[in-house]
Amino acid sequence: MQLALAESRANIDEWKASIAQLQNKTSTSLKIMDLMDECTHAIMSDALKRKQLWMKKLEDLKVEGLLALRDVVLATSIEHMAGVDDCKMNLDQIKTSVQEKEAEKKKAVQTGFARKVNDLTRDLDNCHQDRLMYEMKRDMHSSELETLTTKLKSIDSDVATLRPQLELDSLKERYTRFKQAKDQAFEKLNGVLDYSSVSACRYD
């Protein structure tokens, strides 16, 4: 009986030791898992920061690209706006010239100057050809300008989404500065651009 009790006590002590050892192993395993969680969190946090940094860099590059493209679209639009203005100015000159030549031709017909009538008729035909040419060029510039204006609005919308704090100048503002710079350049050359020196009609 005493031997059996002694064996039971020994077994209990052995079980207690095993349980204590298992508890130690469990505690160690839990600590390792906690450390792994901390490492995983640190790695994921670092990866997220790097991702955000690269996303910011990519966004900056995209904005820079959009602004560069915007400058190209604006420059091209300004060329077409200047083209439209030049055509309108030439068409106004042609209209005035036609009115003057028609009045001259009417007088020449009344006075019987046949040669003068022929010359003026030829000049009026030339004015008509010039008018058609400038109308075609004006329409071409206007069509291109309309396409570019639509593209500019799309670019401005993308920039506003990425950088809402940016203040962008308008095409009208850019064109006004262009004309001012052009005028100043001609003034420095001691002469302002004189469209009247360009004949609206051809003369032989």
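This is a predicted model: local features need pLDDT of at least 70, side-chain atom pairs count only at pLDDT 80 or more; totals for chains, interfaces and linings use all residues.
Asp46 and Arg50 form a salt bridge through their side chains, with an N to O distance of 2.9 Å. Both residues belong to helix α1, which spans residues 2-111, and they sit four residues apart, about one turn of the helix. Asp46 is partly exposed at 40% relative accessibility, whereas Arg50, with a relative accessible area of 52%, is exposed.

A salt bridge joins the side chains of Asp156 and Arg70, at 2.5 Å from N to O. Asp156 is in helix α2 (residues 114-162) and Arg70 in helix α1, so this contact ties together parts that lie 86 residues apart in sequence. Arg70 is buried, its relative accessible area being 3%, while Asp156 is partly exposed at 22%.

Lys101 and Asp123 likewise meet in a salt bridge, here with an N to O distance of 3.8 Å. Distant parts of the chain are linked by this pair, since Lys101 lies in helix α1 and Asp123 in helix α2, 22 residues apart. Lys101 is buried, with a relative accessible area of 7%, and Asp123 is also buried, at 6%.

Finally, some of these contacts share partners: salt bridges join Arg70, Asp71, Asp156, Asp169, Arg174 and Arg177 into one network.

Technical notes
Residues are numbered from 1 along each chain as its sequence is written. Side-chain values use heavy atoms; hydrogens and water are left out. A salt bridge is a side-chain nitrogen of Lys or Arg within 4 Å of a carboxyl oxygen of Asp or Glu. Helices (H or I, at least four residues) and strands (E, at least two) are DSSP runs, numbered from the N terminus. Buried means under 20% relative accessible area, exposed over 50%, partly exposed in between (1.4 Å probe, protein chains only).
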